[in-house]
Amino acid sequence: MSRIEKILEAAINARKTARGQTRQAEGIPENIDGPKFQPAAVPLIDPGAVDKKIVSIREPNSLVAEQYRRLRARIKSASGDPVKSILVTSSVMGEGKTVTAVNLAVTIANEIDNTVLLVDTDLRNPMVHNYLGINPQFGLSDYLKGDVNLPDVLIKTGIGQLVVLPAGNIPENPSELLSSQKMKALASELKNRYDDRFIIYDSSPLLVTADSIPLARHMDGVLFVVKASANLQKSSGRAIALLKGCRVLGAVFNNVPEHLAEQAYPYPYGNSYGYGKKDGSGGSDRQGRQGAEK
Ligand SMILES: Nc1ncnc2c1ncn2[C@@H]1O[C@H](COP(=O)(O)OP(=O)(O)OP(=O)(O)O)[C@@H](O)[C@H]1O
Ligand SMILES: [Mg+2]
């Protein structure tokens, strides 16, 4: 039996034992709203149904998964105020935000002392649930619209201490929901309620929608994902300019082409990262193959 299978079995047993106990006892916030909605039971995540790009689950001993552990270490040792809430974003579509957010969340959640809440704020093209192989009925958009209560849409995954808040049903007004007072209060509540909790927010691209900019202002830090191709570097500069005043932690260079990745480490795709200045002016100041760092 693999390590993940053992962890899952232990989690399933723990869940059975905990039936009847409060969700509070499971580490899920109880009283953001009173319970009035019973969700369909969501099974724990099946590692076999998880997308292969989620190497932190599918191939935890791979060199790619190791890059996410290095990213975790860099975030946890970032200078300045501790980073507990992180928005993962990018300039345009398809740069690897969701793959990065999910892998990072799992990697942090696998550390013994950390609880992680992974929030899908991409209300137009939500993909977190797809990468994790789950099919939730409701999520963030439904909570923001007032249709459901928060505890009812949080999914305890059984993977480390990872809880997922999926995006929910695609709304007609995603920008308005994400810039609402209710979203602001939620971000603040989630951050302040638990000291040991990391909150990772997946988001939509900065140059395509206005959805992520107000969110970025409520975060301890922003992680900027850049697909490693030359023609995207200009748009990255424009997107980072939109984050003026936010704390840009750095850039993750994702999906490095094979011929470049091989110079850094011997596998077909990879991630590397650089760290910028606190005011966001130098978020991608260490472009290149940081994966080769010793
Ligand atoms: N490191 C990687 N190596 C190989 N393929 C990758 C990598 N990261 C992402 N991809 C692939 O690139 C595509 C886009 O990835 P992802 O969904 O994470 O991007 P995104 O920035 O979240 O996109 P969107 O803006 O549409 O939300 C997917 O097909 C994904 O599987
Ligand atoms: Mg995405």
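Guide: Helix α4, residues 97-109, gives three residues to the shell around ligand 1, the most of any contributor. This is a predicted model. The shell holds 15 residues, and those that come nearest to ligand 1 are Lys97, Thr98, Val99, Tyr131 and Asn254. Sorted by class, the shell around ligand 1 consists of six polar, five nonpolar and four charged residues.

On the backbone side, a polar atom of glycine 96 lies 2.9 Å from an oxygen atom of ligand 1, and a polar backbone atom of glutamate 95 lies 3.1 Å from an oxygen atom of the ligand. On the side-chain side, an N or O atom of asparagine 255 is 3.4 Å from a nitrogen atom of ligand 1. Taken on its own, ligand 1 has 620 Å² of accessible area, and the protein covers 81% of it.

Aspartate 220 sits in the loop that links α10 (212-216) to β6 (221-227). Its relative accessibility is 16%, and because buried means under 20%, aspartate 220 counts as buried. The side chain of aspartate 220 comes to 2.8 Å from the backbone nitrogen of lysine 84. Leaving aside residues up to four places away in sequence, aspartate 220 touches Pro82, Val83, Lys84 and Ser85, and also Lys191 and Arg247.

In β2, residues 115-120, six of the six residues are buried. In a regular strand, side chains alternate between the two faces of the sheet. For β2, one side carries Thr115, Leu117 and Val119 and the other carries Val116, Leu118 and Asp120; these residues are all buried, which leaves both faces of the strand covered.

Strand β2 has pairing partners in β5 and β4. With β5, residues 197-202, β2 pairs in the parallel sense over six bridges. Within that pairing, leucine 117 has isoleucine 199 of β5 as its bridge partner. With β4, residues 162-165, β2 also runs parallel, and four bridges join the two strands. There, leucine 118 stands opposite valine 164 of β4.

How values were computed
Residues numbered from 1 in each chain as written. Chains lettered and ligands numbered in written order. Predicted model: local features only at pLDDT ≥ 70, side-chain atom pairs only at ≥ 80, totals over all residues. Heavy atoms only, no water. Near = heavy atom within 4 Å. Polar contact = N/O pair within 3.5 Å; in protein donor to acceptor, adjacent residues only side chain to side chain. Areas by Shrake-Rupley, 256 points an atom, 1.4 Å probe, with all protein chains shown as cover. Nonpolar A, V, L, I, M, F, W, Y, C, P; charged D, E, K, R; others polar. Buried < 20%, exposed > 50% of the residue type's maximum accessible area, 1.4 Å probe, protein only. Contact = heavy atoms within 4.5 Å. Pairing = 2+ DSSP bridges.
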